[in-house]
Amino acid sequence: MTILITGGAGFIGSHFTRRMVNQGRRVVALDKLTYAGNLENLKDVTEDAKPSNLLRFYTGDICEQRLVERILSEESIDTIVNFAAESHVDRSISSASTFIDTDMKGVFVLLEASKQFTINKFIQISTDEVYGTAHQGAFKETDALNPSNPYAASKAGGDRLAYAYWVTYKLPVIITRASNNYGSHQYPEKFIPLFITNALEDKKLPLYGDGKQVRDWIHVDDHCEAIDFLMTHGENGEVYNIGGGNERYNIDTAYFILDELKKPGTLIEHVKDREGHDRRYALDCAKLMSLGWKPKIRFENGLSDTVKWYINNQSWWKRIKNGEFMEYYKNQYSHRFASADSQIC
Ligand code: NAD
Ligand code: DAU
């Protein structure tokens with residue numbers, strides 16, 4: 001069995017690739033290596049896997065039909081797990097076009113190619129953002145989708161397109177909707193790694209609005225374990241929520257990070273809120289749990305380990321923060337910070 005993992009050099013995709021290779025499974029990773037893709041994320045498995053040829057890496061775009069078809073035919077792909085996406089909400093608010101390309105058209109290209117070959121499982125990695133804000137309670141898989149930013153809407157498009165290929169063509173599709181992931185190797189544009197690395201550099205932490213938005217955090221290892229579990233226990237045509245059961249206010253998470261690093265609360269600066277900011281995400285995961293999976297990692301333990309990882313791997317994130325990131329950070333945050341001493345650079 002060969003698994004095609006798209007987006008295999010990104011945050012979650014690289015963790016999943018490592019997990020599969022360490023289990024002795026043959027993996028083909030396809031990644032465009034956008035700003036978020038990083039071959040360093042796969043360094044340990046690339047080196048370990050070479051003698052046994054367990055991992056083959058293609059640099060390329062899931063929107064390229066010919067490339068995708070060639071990989072499916074030449075590599076005898078049996079299972080596809082599609083992580084490839086433009087994944088950052090703030091970037092989608094500034095410019096949505098690559099989100100429409102990869103998160104919708106890219107899914108279409110993968111689904112169309114899958115129809116032509118013997119694919120036994122197609123797992124579309126969707127997100128809890130497709131539901132929009134949880135005003136009360138927690139979302140079930142059958143709840144209506146109300147995506148409220150361009151990223152979430154493009155993911156909802158990919159999510160429903162995958163479902164349509166099950167209904168129409170009986171392509172064996174499973175759709176997963178996970179909550180906010182955290183862990184090692186996460187690109188520092190996202191809330192947790194941005195706040196950890198800024199604090200390590202004694203820079204301000206830009207907390208959007210009042211910081212009372214709620215996110216349900218899941219450790220990336222728990223998320224990858226759930227996907228692995230669904231590869232064998234999931235039913236075709238079904239959607240599965242994957243949550244960590246760790247609802248936290250952003251402001252509490254920010255203070256936890258500062259406490260771990262023994263840095264002062266004065267580093268937090270309340271800044272202009274994100275447009276269309278979803279106030280709260282919450283998932284009901286009873287469907288997945290009834291099959292026998294549950295998350296194992298307590299948020300405070302997982303976050304403490306994550307903070308240690310960023311302390312011990314400064315060369316990994318400093319290289320990123322010196323590159324394209326710096327331009328993005330200036331555009332995204334310079335107008336938000338009120339004071340001149342907020343150390344944008
Ligand atoms: P990421 O941005 O870290 O990684 C995305 C990867 O996809 C990168 O390696 C990038 O180079 C690659 N990629 C982008 N466009 C591509 C294209 N056209 N062709 C091939 N490769 C391309 O994202 P992540 O946080 O690891 O998220 C992975 C998946 O999980 C995404 O589909 C995302 O929507 C979903 N998800 C993420 C979270 C989260 O909290 N991070 C939660 C739920 C769902
Ligand atoms: O819920 C799943 C989604 O989680 C995934 O589908 C997305 O790919 C992933 O990026 C994430 O989306 P969020 O928008 O929730 O994540 P982000 O890390 O950008 O923000 C988390 C919260 O922190 C959110 O309420 C906004 C806030 N925030 C974020 C940044 C970057 C800040 O207060 N300041 C910031 O600088």
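A charge is taken to sit over a ring if NZ of Lys or CZ of Arg is within 6 Å of the ring centre and within 35 degrees of the ring normal. By that criterion Lys-212 lies over the face of Tyr-249, at 5.9 Å from the ring centre, and Lys-115 lies over the face of Tyr-169, at 4.0 Å from the ring centre. The model is a predicted one, in which local features need pLDDT of at least 70 and side-chain atom pairs count only at pLDDT 80 or more, while totals for chains, interfaces and linings use all residues. Residues are numbered from 1 along each chain as its sequence is written, chains are lettered from A and ligands numbered from 1 in the order in which they are written, and side-chain values use heavy atoms, with hydrogens and water left out.

Aromatic rings also pair with one another. Rings of Phe, Tyr and Trp (its six-membered ring) pair if their centres lie within 6.5 Å, and planes under 30 degrees apart count as stacked, over 60 as edge-to-face and the rest as tilted. By this rule there are 19 aromatic pairs. The ring centres of Trp-309 and Trp-316 are 5.3 Å apart and their planes stand at 70°, so this pair is edge-to-face. Trp-309 and Trp-316 are both buried, where buried means under 20% relative accessible area, exposed over 50% and partly exposed in between (1.4 Å probe, protein chains only).

Phe-325 and Tyr-329, by contrast, form a stacked pair, with 5.6 Å from centre to centre and 20° between the planes. These two residues are 4 apart in helix α13 (residues 324-333) and are therefore separated by about one helical turn; helices (H or I, at least four residues) and strands (E, at least two) are DSSP runs, numbered from the N terminus. An α-helix has 3.6 residues a turn, so residues three or four places apart point the same way. Phe-325 counts as buried because its relative accessibility is 2%, and Tyr-329 counts as buried because its value is 3%. Both residues belong to a cluster in which ring pairs link Tyr-35, Tyr-187, Tyr-208, Phe-325, Tyr-328, Tyr-329, Tyr-333 and Phe-337.

Oxygen atoms of ligand 2 come to 2.7 Å from an N or O atom in the side chain of Thr-127, to 2.8 Å from one in the side chain of Asn-250 and to 2.6 Å from one in the side chain of Arg-274. Taken alone, ligand 2 exposes 690 Å², of which the protein buries 95%, with accessible areas coming from the Shrake-Rupley method with a 1.4 Å probe and, for residues, only the protein chains shown counting as cover.

Ligand 1 is surrounded by 28 residues, the closest being Ile-12, Asp-31, Ser-87, Tyr-151 and Lys-155. An oxygen atom of ligand 1 is 3.0 Å from a polar backbone atom of Phe-83, one is 2.7 Å from an N or O atom in the side chain of Ser-87, and a polar side-chain atom of Lys-155 lies 2.7 Å from an oxygen atom of the ligand. On its own ligand 1 exposes 840 Å², and the protein buries 96% of that. Two or more shell residues come from each of α1 (11-22), β5 (121-127), α6 (150-169) and β7 (180-182), with β5 giving the largest share, 3 residues. The residues of this shell comprise 12 nonpolar, 12 polar and 4 charged.

In the loop between α7 and β8 lies Asp-202, which has a positive phi of about 55° although it is not a glycine. Asp-202 is partly exposed, with a relative accessible area of 39%.

Key
A polar contact is a pair of N or O atoms within 3.5 Å; within protein, one must be able to donate a hydrogen and the other to accept it, and residues adjacent in sequence count only if both atoms are side-chain atoms. A residue is near a molecule or strand if one of its heavy atoms lies within 4 Å of it. Ala, Val, Leu, Ile, Met, Phe, Trp, Tyr, Cys and Pro count as nonpolar, Asp, Glu, Lys and Arg as charged, and the others, Gly among them, as polar.
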